[in-house]
Amino acid sequence: TKVLVLLKSELYISIKPIYLMGFVILWVIVLAASGALWVLKFKEHLLFWIIPAPQITNWGILIAALVAMVGWLVTSIITTRNSIKQHTVTTLLQTRLSAEYMKHAAIVNNFFEKTENTVDKDFFSNEEISEELKSSLSYIFNYVEFLSAGLRTGDFDHLLLRMTMKGIFKNLYQRCQCLLTSIREKNPNSMEHFVAVSEYWIKLENKEKKKIAKK
């Protein structure tokens, strides 16, 4: 199950609008090149066995139209990329400026600062744990799940989010792994995005450490 989740994470994170637009540019160029070859070299062949090659007298207009189309697509890619990055920055800034988030984060961080404090599978049912701490951890869980879902659907910039949130995600995932496993055993859809992204980032980090060690 873990391997399946990790593979899904890689797939979702890699599919972004800018990549899809890149494929559109590639196909436009391929189709344009194929059309030019058809007209110039293979005009005796019929398309779909019924459509003859067109008679083109002004290639300049067609080339100008192709360049304009590719230019518009490139501009759209840059605009989309900048929009995703700006959305990511805005979300992260709003988080740091949110009094509600900072309050819950402070409560959870104070709990994690003590190494003897653990988060086991019975954390939320443990009567010795304060309701304030349970509420704060639940709030943080919901927040990181939101970020992870946005990342996997391409709404957040992967590199920027990873550079700013990797430590928080990794620490939260490792300290709460038993609890997360228990939650997902009851409902596999719970925290699925956070777990997938955390495992994916840990895998990337291990790969980077191996590359550094080899050097």
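Does cysteine 176 count as buried or exposed, and at what relative accessibility? Let's settle that, then turn to helix H4. Keep in mind that this is a predicted model.

With a relative accessibility of 0%, cysteine 176 counts as buried. Cysteine 178, in contrast, counts as exposed, at 52% relative accessibility.

How many disulfides does the structure hold? The number is 0. For cysteine 176, the nearest cysteine sulfur belongs to cysteine 178 and is 9.5 Å away. Because a disulfide needs the two sulfur atoms within 2.5 Å, cysteine 176 is in no disulfide. Looking from the other end, cysteine 178 has the sulfur of cysteine 176 as its nearest, 9.5 Å away, and is likewise in no disulfide.

Helix H4 takes in residues 99-113, 15 residues in total. From its first C-alpha to its last, H4 reaches 21 Å, close to the 21 Å expected at 1.5 Å a residue.

Which residues of H4 are buried? They are Tyr101, His104, Ala105, Ile107, Val108, Phe111 and Phe112. These residues lie on the same side of H4, because they cover an arc of only 160 degrees around the axis. Here a general rule is handy: an α-helix has 3.6 residues a turn, so residues three or four places apart point the same way.

On the face turned away from the buried side, H4 carries the exposed residues Ala99 and Glu113.

How values were computed:
Residues are numbered from 1 along each chain as its sequence is written. This is a predicted model: local features need pLDDT of at least 70, side-chain atom pairs count only at pLDDT 80 or more; totals for chains, interfaces and linings use all residues. Side-chain values use heavy atoms; hydrogens and water are left out. Helices (H or I, at least four residues) and strands (E, at least two) are DSSP runs, numbered from the N terminus. The expected span of a helix is 1.5 Å times one less than its number of residues. Buried means under 20% relative accessible area, exposed over 50%, partly exposed in between (1.4 Å probe, protein chains only). The arc is that of the directions from the helix axis to the C-beta atoms.
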